[in-house]
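Subject: Structure handover and findings

Hello,

Here is the structure for you to take over. Please open it first, then read the notes below it.

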Amino acid sequence: MTETVKSTCCYCGVGCGLLIDTDQGKIVRVRGDPEHPANEGRLCTKGASLHLTTRPDYRVLYPELRRQRARSRQRVGWDEALDFAAERFAAIIAAHGPHSVAFYLSGQLLTEDYYVFNKLVKGLIGTNNVDTNSRLCMSSAVAGYKQTLGADAPPCCYEDIAFADCLLIAGANPAIAHPIVFRRIEDARAANPGLRIIVVDPRRSETAEIADLHLPLAPGSDIALYNGLLHVLLSEGRVDRDYIAAHTEGFEALEQSVAAYAPDVVARLCALPEADIVRAAQWFGSAGAALSLYCQGLNQSSHGTHNNAALIHLHLATGQIGRPGAGPFSLTGQPNAMGGREVGGLANLLSAHRDMANPQHRAEVARLWGVPSVPERPGKTAIELFAALTSGEIGAVWIACTNPAHSLPDQSQVRAALVAAEFVVLQEAYGNTDTAAYADLLLPATTWGEKEGTVTNSERRITHLTAAVPAPGEARHDWQIAVDFARRLGRRLRQPAETMFPYDHPEQIFNEHRETTRGRDLDISGLSYALLDSLGPQQWPFPAGADRGRRRLYEDGVFPTANGRARFVLVEHRPPAEVTTAEHAISLISGRLRDQWHGMSRTGTVARLFNLDDEARLTMNPADLRRRGLADGDLARVHNRRGSIVVRVARDESLARGCAWLPMHWGSQFMNSPGANALTVSARDPFSQQPELKHAAVAIDKADLPWQLVILRQAGVGELAALPMLERARGLLGDFAFATVGLYGRGAALVVFRAAHAEAPPESRLREIDRLFGLDGDDSAIVYVDHRRQISKRAIAPDGRLIGVRLAGETQAQSWLKEVMADDSLDAALIRWAVAPIGRRPGKLAQRSRVVCQCADVSQAEIAADLAAGATLTSLQEKRGCGTFCGACLPELREMFAGHAARAGIGGATSA
């Protein structure tokens, strides 16, 4: 019997509501929750595919421990695992003090998980060495809000998009990274054709395609641009002097400073047309309501805090804050980075937006926790923490729900730090992460669909989640693991851990966290699990006695500062931490793809999420490609003093010369290098300590790797199922100068392995590779070998059905073979063409039908067939699911139905 549970998506910080359908303890389907305010039923492709990620493959199902580094981990029971961890941590603390251990957490934990860890580290152990991967994405947004507005509190809500007259999107690509927010932008444009959209991005991104004005600024020149916009606003009298006088301080000094940022000066610094700078300022300054949306392009910078502040200045100077359609709105990168910030889950924060450096705040938290004191000494932030592992200052690290061996910059140093550590604990749901290889103790944690607790999205909206299915194997909830460890460690440290951690249900933790917020800017003393279940997700603040949360902050012009005034701060243009040189002449920037997320430990298990991008590609301006003798599809070596990777290139005419773009998702699980972060720099912002992940100076050369290999293998069962085969293929990555592995397909998943090398391996090695992929049978094999040209091809087609191909030395047919194998559409009579040197489909083979609905993976041919059979839009949605997720395909679906009705001479189809 199917049951339905409400939840949220576990990817970006939009916080989309989900309906999870379960059958016999398994998740079988997900749908957007039409009652959730964040998405109103819409889902992106990743969210719509979540049910496909719940297979047990790659899940950590029981604790594993190695007592010596030279040995492999072995299965152990929970008592042995946690006792061993408590002994090691206690021994290191006894020998070197509490600051010799550290914890590194994740914005994907629930708020209750975060709260327990924070209390464990700062309250029980007595160190502030607890940081999180939110340091990598949101800490500059936090510091920017605090420097200007006084608190880490996004003042806007999603519905403001519909009320804006001018939308400034800076350092963000919501069309890809926050698709449901982008749907709102499209809706706003449709409802208000006069809406002016300005996109600030060095790259002409998918979001920039809908912009009325695209400002492709030079990487790192954000402050110069926003100071320049303020200069124009001042010179044209478009600032609100009354608002500035009544509600802010520090404007006089900033006004004098931005006098130096005239449009001609800014044009040179930003590599932008002077007229476009003036136009952007005029649009912003003349808008009835101006809203800015921004993300990692501003944050991941060595001056990210001041990038944020410079943008917020525009709102304060024009009074564009605290009313519908207006304000600076930071888009969150993870599903609960906000919740982690609320409980003080960073090395410089304490619960409920309290500051570590404030003695009164430390005393308040100590009193709430029932401990003598909270340590004053600042904790190690992410980059510092891993450097301290290398130096030996920190001996043991506990990592939960994150993958630093992929996500941190300067990966060679990070991985060396994990090797140098005395003891590494990894608390994780998935075993297929780069970090797992370094874990001495691996602890199985529950994940999406299995947990209960709360999350907070970008608009300060808290949702209560309940588990849809039980935990697999011996997995435990993150808060349970932390509580059990705290009690065991407390006994060894002779601390009252039993009374400090009395929890046996997450609601107890939530209630304690709630009490820490009473009277604070994020007061949620009026919330409870029961209220969230009855009224639905609520925004904070929601104090006791309130009947609803507050949509917008600062409507009264009063800010959470000592004098109630917002602050203008002096910000000056600074170049990136690493500037280009003659030797490293290319600015490398990075970003996200629509269908993958972070390091792909979850999305990388779903074949259809590879269909748009099945390998990492470096995009460059065509002139930069030609200068290096490169063409579309060639392999290039990208390198600097920190590392080197080999990757395929593609042309992008919208990129400025001297700039290249690389997706950040691919790491050592999917290619034979750590990916983009092999090259990034660990330089960080002085206020937020966020590293400059968005820019590195690199050299790019053509990789001379003439021998190439492509393997396409349709998934079977058992050892030949997609994920076991994918895992075995990873063992080949290190054998070649270039190698990638991934999935592809719709109904039938393909494993796709590509490699290139300076010379061909011996035929015996190819036969070994054939056996690994189940391509070694002779009964149904088609073989072509040309020893002189070092070409060897093999196709396997039992019963006239092509299930596997290995192309070595010549690989032109890979693209069309991949498509027909994914569709299982190759006629038996055409199988012989599988080993032919042709780059196009054989003449008699129909072209693949275009996919109309990416979320449900529904093609134009499938929709046409249903139309011919008499389907209505409603019945098509019920059968195929198209148009029921993000909604982007609905206009085309309606056009197809209207066209069919006109041709057939019948009435209009059912609308949706």
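**Cavities and pocket**

There are 2 cavities of 30 Å³ or more. This is a predicted model, so treat what follows as computed from it, with a word on confidence further down.

The second largest cavity holds about 70 Å³. Cysteines feature in its lining, among them Cys 9, Cys 12, Cys 16 and Cys 44. Tyr 11, Val 14, Gly 15, Leu 43, Pro 179 and Ile 180 complete the lining.

The largest pocket has a volume of about 680 Å³. It is lined by 38 residues. Closest to its centre are Ala 175, Ile 176, Glu 206, Arg 594 and Leu 612. Several elements each supply at least two lining residues: helix H6 (174-177), helix H7 (179-191), strand S24 (617-620), strand S27 and strand S35 (851-853). Which of them gives the most? That is H7, with 4 residues.

**Confidence**

The chain averages a pLDDT of 95. A score of at least 70 is reached by 99% of the residues. The stretch to watch is 908-912, where pLDDT is below 50. That stretch still has 11 contacts in the model beyond near neighbours in sequence. Where pLDDT is low, predicted coordinates should not be read in detail.

- S28 (residues 696-702) is antiparallel to S23, over 3 bridges. Ser 587 has Ala 697 as its bridge partner there.
- S27 (residues 659-663) is parallel to S23, over 5 bridges. Gly 591 has Pro 663 as its bridge partner there.

S27 is also one of the elements that line the largest pocket.

**Helix H25**

H25 runs over residues 722-730, and its buried residues are Ala 722, Leu 723, Met 725, Leu 726, Ala 729 and Arg 730. Why do they fall on the same side of H25? Because they cover an arc of only 160° around the axis. They pack against strands S29 (707-714), S30 (738-745) and S31 (749-757), and against helix H26 (763-772).

S20 (residues 461-465) pairs with S21 over 2 bridges. Ile 462 finds its bridge partner in Gln 538 of S21.

Now look at the loop between S21 and strand S22 (566-567), where Pro 541 lies. The peptide bond joining Trp 540 and Pro 541 is cis, with omega about 5°.

Most residues other than glycine have a negative phi, and most peptide bonds are trans.

- Ala 271 has a phi near 60°. It sits in the loop between helix H11 (263-270) and helix H12 (274-286). Buried or exposed? Ala 271 counts as exposed, at 54% relative accessibility.
- Ala 352 has a positive phi of about 60°. It sits in the loop between strand S14 (349-350) and strand S15 (354-355). Ala 352 counts as buried, at 0% relative accessibility.

Asp 484 lies in helix H20 (residues 478-493). Its relative accessibility is 17%, so Asp 484 counts as buried, the cut-off being under 20%. Outside the four places on either side in sequence, Asp 484 touches Leu 82 and Arg 476.

Ala 366 lies in helix H16 (residues 359-369). Ala 366 is buried too, with a relative accessible area of 4%. Beyond four places in sequence, Ala 366 is in contact with Val 371, Pro 372, Ser 373 and Val 374. Lys 119 is 247 residues from Ala 366 in sequence, yet their C-alpha atoms are 9.9 Å apart.

Over to you.

Note on methods
Residues are numbered from 1 along each chain as its sequence is written. This is a predicted model: local features need pLDDT of at least 70, side-chain atom pairs count only at pLDDT 80 or more; totals for chains, interfaces and linings use all residues. Side-chain values use heavy atoms; hydrogens and water are left out. pLDDT is the predictor's confidence in each residue, from 0 to 100. Contact means heavy atoms within 4.5 Å. Two strands pair if DSSP finds at least two bridges between them. Buried means under 20% relative accessible area, exposed over 50%, partly exposed in between (1.4 Å probe, protein chains only). The arc is that of the directions from the helix axis to the C-beta atoms. On a 1 Å grid over the protein atoms alone, a cavity is a set of points where a 1.4 Å probe fits but cannot get out, and a pocket is an open set with protein on both sides within 12 Å along at least five of seven lines; lining residues have an atom within 4 Å of a point. Grid points are joined across faces, edges and corners, and a volume is the space filled by probe spheres set on the points.
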